[in-house]
Amino acid sequence: MASNPSIHDTIPQEKQPAVTRGGFYGRLSINQKRTLWAWAFLAVPILFYVVIRFYPTGNAMVLSFQEWNLLGDRTWNGVDNYITLFSDPVFWQVFRNTFAYLLIGTPVSLVISFIIAYHLDQVRFMHGTIRALYFVPFMTSAVAMAWVWRWFYQDVPIGLFNNMLASVGIAQIDFLDSTTNALPSILAPAIWAGLGFQIIIFMAGLRAIPRTFYEAAKIDGVSTWTVLWEITLPLLRPTIVFIVVLSSIGFLRIFDHVFNMTTANPGGPLNSTKPLVLMIYQTAFDSFDMGYAAAQTVVLFVILLIVSLIQLRLLKDR
Amino acid sequence: MTNLILRDLVKRYGDTEVLHSINLTVDEGEFVVLVGPSGCGKSTTLRMIAGLEEITEGTIEIGGRVVNNLEPKERNIAMVFQNYAIYPHMSVRRNIGFGLKTAKLTKDEKNARIDEVAGILGMTDLLERKPAQLSGGQRQRVAIGRAMVRDPAVFLFDEPLSNLDAQLRTQMRLEIKKLHTRVGRMMIFVTHDQVEAMTLADRIVIMKDGYIQQIGTPAEVYHAPANTFVAQFIGAPAMNLMEAQGTGHGVKLWNGAEISVPGLSIPAGRSVTFGIRPEDLKSDATGVLSGTVTVAEPLGSETLVYVDVDGHEINATAPGRTPPKAGDKISLSLSGEDAHLFDTASGQSLRLS
């Protein structure tokens, strides 16, 4: 305790507590102790992130400038991977598909989930049960769901949808085997699967708006539309930002539904449903071209980053 | 003439009746305060007038028109809420103008109205601000402005001052009173604070458990409370109530002191409740209530003194300069003319009945 007089001397006498606890820890101020504890608790997740997230991310970026078949040596090949990628027509098809998932999926799921949440918020009858029903798809395995939907989409006499169409005398539709129908057909269950979560978030946002706002509007006699556009939606802005960013990231990374619904023909007819993640998967684990796959991953990373930043900027409180 | 008539108004939630046959008539330009403890039905009554709550039974009439089934906007009323209910994403101008959305006025006319109201409320230079940049008092002023801009026949206030700190509350109270003088509209104001009720009201409606206890001017409810509840609810510190028995020409208090009460004959032996306000008790060596001071609370202008008289706590006020201290022996005198007498069983005033 007093064995080290030189440290002891640096502490002004009057600031010394009446009872001094020994050691390094005992001499720290309350703030320093708090910081120490905070870092102690943060150390575990930081270590986890460095090892599991940041190191592979950095490694992938390096790998995107190399050639590697998973077994042999990694050899540098400059920007060859990127040149191959950008001159590959399949990549541009995949690029379009990915943005189709994003640009159709996000707004459609946003509007549907808001409409359901808005009305569910006003329903008292069996409120909990109905809400649970909407939430179930979110908890269901995407693989199981994809296969069930795949069955729905089959031709007569197997597929549910085509049987229904046939029973009312409408010609059956090629859902998954058509270059135009396949992508929306795969997007539908993906949207449906995410709805439950978005509805819950929207309802929490709606509940957070004070009732008196609506009562005041009622007394002022403004229309339901005005209330929706000028009160509800502006006040839901943080909720909307959250859902848009989250669901955009989800649609940009779509994989399970596509992979499982088109296993016989991965990526759909003429790559019409193939998203970027599926392309990366095939390049890496079918062709074992790790460097090329890494380059595609870096492109996906950049797209995710740019889209998220743009959305945050656009939707931020002005 | 725009008056408001509540006839046999009843509110039930399921089987629970929370308002029991409320009858009230408010004249044009009158300031009426509904006051009572939490759960007395004052806010429910106000919300029924506003059209935010269904009317279970009875009728509400505004300006000779039964409004039971009219939407709030058709009732020609405006309401100010406790939490202000001003929209955080709109400027003060848009907030005040929100009530004019459905009005058939040109944009210039609307702006002129908004400016006029802002001028009256002294917030012309705040019009372009967002509510987050305003203080609590300013926000409540915006809420009042939004009510004023529509020039309604009836203003409804639902505890508008409860979220403000004490000093601001006093200031806003004064402003609302001035506003009433200026616009001359009927105002119905709900509060649980009897000081607010006394200072603002032309007439006070005191409610408890869904019943109206008394309707009267502040002076009436203070000097002639209808029952022991009103007697204790109105006035701070509360009126002292003590057990007594009739002696024909007056009463005999629980401690044996006899007091003659002019103008009232109470049969000998009848149990009554004797009420006396703290300020009507005088420190006097010959007083009939003697005891020890337990607590003295100096307020500056006067001192509240709690006196233990044979196990009863009696509340009195003493002049501020030379207050008694805790532990002092003190005698208090009183005059029968200041006494309030109530039937012990029913709590009703004997003077009124």
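The dialogue below goes through several features of a predicted model and how each can be read.

Me: What share of the residues in chain B is buried?
Reply: A residue is buried if 20 or more other C-beta atoms lie within 10 Å of its own, exposed if 12 or fewer, and partly exposed in between, with C-beta atoms placed from the backbone. By that rule, buried residues make up 40% of the 353 residues in chain B.

Me: In which order do the strands of the open sheet in chain B run?
Reply: Two strands pair if DSSP finds at least two bridges between them. Here four strands form an open sheet in the order E2-E1-E4-E5 of chain B, with antiparallel pairing; the edge strands, each pairing on one side only, are E2 (16-26) and E5 (65-66) of chain B. Strand E1 (residues 4-13) of chain B is joined to the antiparallel strand E4 (residues 57-62) of chain B by five bridges, and Ile5(B) stands opposite Glu61(B) in E4(B).

Me: Which hairpins involve E12(B), and which glycines in them have a positive phi?
Reply: Strand E11 (residues 240-246) of chain B pairs with strand E12 (residues 250-253) of chain B in the antiparallel sense over three bridges, and in their hairpin, which has three residues between the strands, Gly248(B) takes a positive phi near 95°. E12(B) also pairs in the antiparallel sense, over three bridges, with strand E13 (residues 258-260) of chain B; that hairpin has four residues between its strands, and Gly256(B) in the turn has a positive phi of about 95°.

Me: Which residues of the largest nonpolar core touch the most other members?
Reply: In soluble globular proteins, nonpolar side chains tend to be buried together. A nonpolar core is a set of buried Ala, Val, Leu, Ile, Met, Phe, Trp, Tyr and Cys residues joined through C-beta atoms within 7 Å. In the largest one, of 97 residues, Val33(B), Met79(B), Ala143(B), Leu156(B), Ile188(B) and Ile206(B) touch the most other members. Another core, of 41 residues, lies apart from it and includes Leu63(A), Ala190(A), Phe259(A) and Ala293(A).

Me: Why do the buried residues of H7(A) line one face of the helix?
Reply: The buried residues of helix H7 (residues 142-152) of chain A are Ala146(A), Trp149(A) and Arg150(A). Seen down the axis of H7(A), they fall within an arc of 105°, so they line one face of the helix; the arc is that of the directions from the helix axis to the C-beta atoms. The face of H7(A) turned away from the buried side carries the exposed residues Ala144(A) and Trp151(A).

Me: Is Trp92(A) buried or exposed?
Reply: Trp92(A), found in helix H5 (residues 89-120) of chain A, is exposed, with 12 other C-beta atoms within 10 Å.

Notes
Residues numbered from 1 in each chain as written. Chains lettered and ligands numbered in written order. Predicted model: local features only at pLDDT ≥ 70, side-chain atom pairs only at ≥ 80, totals over all residues. Helix = DSSP H or I, 4+ residues; strand = E, 2+ residues; numbered from the N terminus.
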